[in-house]
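Colleague: I have a model open and would like to learn how to read it. Could you walk me through a few features, with the general idea before each case?

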Amino acid sequence: MKSKSLVSIDQCSKEDILRILENAAKFEANPNRKLLEGKVAATLFFEPSTRTRLSFETAINRLDGRVIGFTDASTTSSSKGETLKDTILMVSNYADLIIMRHHLEGAARYASEVTNIPVINAGDGANQHPSQTLLDLYSIQKTQGTLDNLTITLVGDLKYGRTVHSLIVGMSHFNPTFNFVAPNELKMPDEQKHFCDKHGIRYHEYTEFDESIIDETDILYMTRVQRERFTDMEEYERVKNVYILKNDMLKNSKDNLKILHPLPRVNEIAYDVDDNPKAYYFQQARNGVFTREAIICDVLNIPVN
Amino acid sequence: MSEKKKELQVAALENGTAIDHIPPAELFKVAKMLGLEHTQNTITIGNNLQSKKMGTKGMIKISDKFFEEDVINRIALIAPKVVLNIIRDFEVVEKRPVELPDEVTGLVICNNPKCITNNEPMLTRFRVIDKEHGTIRCEYCERKINRSDIVIK
C-alpha cells in the first residue's frame, strides 16, 4: 500500500484541513514534543528555498526528529544526470519521510508514486505548495476565529500566483466571498473563476485598488507584482505602483482585518504598514512552523494530543 | 436489402477495418497514432471526401487488420466522431464508435516544458476531464490541454 503523502491542496477534504489546523493549534500551545524521536526526515531541496526549508527543519527539530538532506541540487548526483526516481529511491532507504522542493512541476507527485515513504511537497515549480496554503488557512482561522463566511481580498499577481489559486481551493469548503484586485494583464484566470462558479463561491473583480474594497474585507492577501511577468513594459510601469498598500488606506478598515503576504515582499506593502496591528505577515510565517509540525505528524499517522 | 452504392469513393475492402468520418485535418495524425507507417498491410487513404454529415471527411481502410479496443479508443483523443467499420467478406459486420477512456497513459506528450514527464524517463498520465470537448489534464503538473493542442508521442 502506498503511504500517505501531501502533494496538493486539492487532495485535502474539509475534514483533513480542519484536523491539521486543530493540531497546528496544539503545536502552537506546545511546540516542543518528542513525537519524531528516532525518526529521520529528508529535506531534498533540488531548488533552493531558504525560508521554506528552515521552517520545515525547525518543525522537525521541535518534534525531536533528525534531518538529512541537501539545499541545492548542484551538489548532488542529479547534477550528474541521476534521475529523480533514483535519488528518491536511494533516500527512501535512509529516511522515514521526504520533504522536497523541485523546480519541475509534478515532481512531488511522481516521487510519491515511486517511493513507499510519505512525501510532502514543499513546492513544485509554479504548481503546488500545500503547506503554504495550510499555514495561510491556519493564520486566517486564528485571527478571525473561524474560516466560515469571510470576505477575502486578493491583490496583485492573480494570474501566476500559485498561492492565491491554492488559497481559493483551500477556502472553497468555507463559503468565502472573494475580491480579485489585479491589472488586466495579471487578472484571475478563467479556470479559477470557473472553479468558483462550480462551487458557488461569490467573487468580484477590480482593476482599481481602493479603500472601499479594503473597508469590507476581513483578510487582505497581498502578492508581489513581478516585472518578469509582463510582456509589455509600459503596462508594468503603469501598474507597478497601483497595487501598493499604504497605512493610510487602512484607516476605515474593519477591526478584525488582517493583512497577509506569502513573503518575500518587495514594495507592495509600504513599510509604514508593518507597525499597524493589522499587519500579520511575519506572524503568518511563524505559524508555518506549527502547521508543518501538524502536517508531518499527519502524513506519518502520529496522533497529537 | 440496401441499395447498392452508386460509386465508391475509396476501393472496397474484403476483410479489415475502415475508419470513417475522420476530420480531414486529423487524418494523418490518426494514421500516425495507429502506427500505420510501420504496417505491411494494404492501406487505402482517402481525404477531403464528400460527406453528408461533415461536409468533407477522411477515411482509412486497412486490409486484414483488426485493432485492440484500447488502441482504437486513443483515436477519440483527436477525432471523437470517428466510426470504425469492421468488415468481413465485403460486409460491414460491426460499426463501432470510439470512446474516450477515463485515463490516457503513455500516449500524449505534456505541453508544459517544465512538467516532470518531459524531464524524466517515465510514462505520461492524463485524466480525461471533459469527454465531450476532449479536455485532458496532466496528472503530474496539472496542466489542462484542449483537444486541439494535444500532441501525440
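Modeller: A residue is buried if 20 or more other C-beta atoms lie within 10 Å of its own, exposed if 12 or fewer, and partly exposed in between, with C-beta atoms placed from the backbone. Helices (H or I, at least four residues) and strands (E, at least two) are DSSP runs, numbered from the N terminus. This is a predicted model, in which local features need pLDDT of at least 70 and side-chain atom pairs count only at pLDDT 80 or more, while totals for chains, interfaces and linings use all residues. Residues are numbered from 1 along each chain as its sequence is written, and chains are lettered from A and ligands numbered from 1 in the order in which they are written.

Colleague: Then which residues of H2(A) are buried?

Modeller: In H2(A), the buried ones are Thr52(A), Arg53(A), Ser55(A), Phe56(A), Ala59(A), Ile60(A) and Arg62(A). Their cover includes strands E1 (40–45), E2 (66–70), E3 (97–102) and E4 (119–124), along with H10, of chain A.

Colleague: What describes two packed helices?

Modeller: Two packed helices are described by the angle between their axes and the distance between the axes. Axes are lines fitted to C-alpha atoms, for helices over the stretch in contact, and angles run from 0 to 180 degrees between N-to-C directions. Here H1 (residues 14–29) of chain A and H5(A) cross at roughly 70 degrees, their axes coming within 10 Å. H1(A) and H5(A) are therefore roughly perpendicular (angles of 65 to 115 degrees; under 35 is roughly parallel, over 145 roughly antiparallel and the rest oblique).

Colleague: Which residues make that contact?

Modeller: Two residues are in contact if their C-beta atoms, placed from the backbone, lie within 7 Å. H1(A) brings Ile17(A), Ile20(A), Leu21(A) and Ala24(A), and H5(A) brings Leu134(A), Leu137(A), Tyr138(A) and Gln141(A). By class there are seven nonpolar, one polar and no charged residues (Ala, Val, Leu, Ile, Met, Phe, Trp, Tyr, Cys and Pro count as nonpolar, Asp, Glu, Lys and Arg as charged, and the others, Gly among them, as polar).

Colleague: And at what angle do H5(A) and H10(A) pack?

Modeller: H5(A) and H10(A) pack at about 115 degrees, with axes 8 Å apart. That makes H5(A) roughly perpendicular to H10(A). This contact has four nonpolar, six polar and two charged residues. Among the residues that meet are Ser131(A) and Lys142(A) in H5(A), and Gln284(A) and Arg292(A) in H10(A).

Colleague: Is Thr143(A) buried or partly exposed?

Modeller: Thr143(A) is partly exposed because 18 other C-beta atoms lie within 10 Å. Thr143(A) sits in H5 (residues 130–144) of chain A. Beyond neighbours within four places in sequence, Thr143(A) contacts Lys258(A) and Tyr280(A).

Colleague: Where is Ile269(A)?

Modeller: Ile269(A) lies in the loop between strand E9 (258–260) and helix H10 (281–299) of chain A. With 23 C-beta neighbours inside 10 Å, Ile269(A) counts as buried. Setting aside neighbours within four places in sequence, Ile269(A) contacts Met222(A), Leu245(A), Ile259(A) and His261(A).

Colleague: Finally, how many residues of chain B touch chain A?

Modeller: 15 residues of chain B are in contact with 12 residues of chain A. The chain B side has seven nonpolar, three polar and five charged residues.
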